[in-house]
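The sequence and the structure are shown first.

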Amino acid sequence: MAEDFLRDAIKDIKDYIPGKTPQKRGVIKLASNENPFGPSPKSLAAIEKAAKNLQVYPDQKSILLREALAKKFRVSFDQVIVGNGSDELMQLAAAAFLRPGEEVIIPEHTFSLYEFVARLFDGKPVFVPLKGLEQDLDAMLKAVTQKTKMVFLCSPHNPTGSIITRKAFHEFLQKLPKNVLVTIDEAYAEFAEDKTLPESLSYVLEGRNVMVLRTFSKFYGLAGLRCGYGFAPAELIKYMFRVKPPFNVNRLAQAGALAALEDTAFLKMTYKNNLEGKKYLYAELDKLGLSYKKTEANFILINIKYPADELFLKLMGAGVIIRPLTSFGLPQAIRVSIGTKEQNKKLMASLEKAIS
Ligand SMILES: Cc1ncc(COP(=O)(O)O)c(C=O)c1O
């Protein structure tokens, strides 16, 4: 079909590049920041039970799950929305609020979905360079114009693992025009050790134009189930509901996510393993003399000063899939997810061999 059949905005959308999936037994994947322990066991049991009713459409409003999230995060029910992954919630926000030609401020070298949703709805992505691998909030403020409609922030940031501090976020919001919608993507927040994370929900409660995004894909081990959630003032949530497909969150996802919230033992194990894995990897990377960024997430950015795509192939040959950051605009850096003890060991042994 001729390209001129397409909407103009679609011509500029690049294909999403996912982490590669293992095709052979014994290959480990440390490329998409998934939970190395698999899904939460409580979640699996709930999914099995829910599967007995698959002839029935799911609850269009995800009421039980939203009630549980509202209770856990101390917000009201009408300030919560659930989506087919948090990806979908970004899309719903843009569908509801972004007008053609309006600008969307995005940090450079970041998760590609922000640019995707901006382009999908004929918005104009405006990229702001990082400063020493940190999101540069001052520069982002300077990028605001009359046409700015949305800002995406990511904390902890994919792929650098660094957070925006509470103070920095507060000052940013003080200076940002109130009509700009700030989406703060906290997909990895549960892994953070730093307790100075922004109190992002307090701005939602105040009624600021702030949307906070979380997901069941990472910490809860449910990436394959597709379930994310978001918080925003009720007025914004109401319009996001208006543009959402009626049955976007399937019956298994609603049941599995609800049960995962209660799986305290699994969540504790996940947090502890990540902390220990992080310390181990730091020590091993130090031994190899590789420079890396300290992380608040479940992955580490490593500067390899060598073509990342080549290293990716070498490691793949050794049975370890990592993420070259070429598609993030960092062709000499890789991102590795923190795995189980055994996976981390295999990663470091293969990395040592590959760079020697
Ligand atoms: C920063 C960030 N936000 C959101 C997502 C996607 O989450 P979900 O699986 O809920 O769509 C990812 C997945 O890699 C991510 O890295």
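Is Ile 302 buried or exposed? In this predicted model, Ile 302 has 23 other C-beta atoms within 10 Å. Because the threshold for a buried residue is 20 or more such atoms, Ile 302 counts as buried.

**Surroundings of Ile 302**

Ile 302 belongs to strand β10, which covers residues 299-303. Beyond its neighbours within four places in sequence, Ile 302 is in contact with Leu 285, Leu 290, Tyr 292, Ala 333, Ile 334 and Val 336. Phe 5, by contrast, lies 297 residues away along the chain, and its C-alpha atom is separated from that of Ile 302 by 42 Å.

**The two sheets**

Strand β10 is part of an open sheet of 4 strands with antiparallel pairing, in the order β9-β10-β13-β12. The edges of this sheet are formed by β9 (291-292) and β12 (323-324); each has a single partner strand, so one side of each has no neighbour in the sheet. Between β10 and β13 (residues 333-337) there are 5 bridges in the antiparallel sense. In this pairing, Asn 303 has Ala 333 of β13 as its bridge partner.

An open sheet of 7 strands shows mixed pairing and the order β2-β8-β7-β6-β5-β3-β4.

| Strand pair | Sense | Bridges | Facing residues |
|---|---|---|---|
| β10 and β13 (residues 333-337) | antiparallel | 5 bridges | Asn 303 and Ala 333 |

**The nonpolar core**

The largest nonpolar core comprises 97 residues, and Ile 322 and Ile 334 have the most contacts inside it. Helix α10 (residues 251-261) supplies the largest share of this core, 7 residues. Why does the core lie between two domains? Both domain 1 (3-38 + 264-355) and domain 2 (41-261) give residues to this core, so it is placed between them.

Not counting residues up to four places away in sequence, Ile 322 touches Leu 30, Ala 31, Phe 312, Leu 315, Ile 334, Arg 335 and Val 336. Ile 334 and Val 336 are also among the contacts of Ile 302.

Definitions and conventions:
Residues numbered from 1 in each chain as written. Predicted model: local features only at pLDDT ≥ 70, side-chain atom pairs only at ≥ 80, totals over all residues. Buried ≥ 20, exposed ≤ 12 C-beta atoms within 10 Å, placed from the backbone. Contact = placed C-beta atoms within 7 Å. Pairing = 2+ DSSP bridges. Core = buried A, V, L, I, M, F, W, Y, C linked by C-beta atoms within 7 Å. Domains from an automatic or database assignment.
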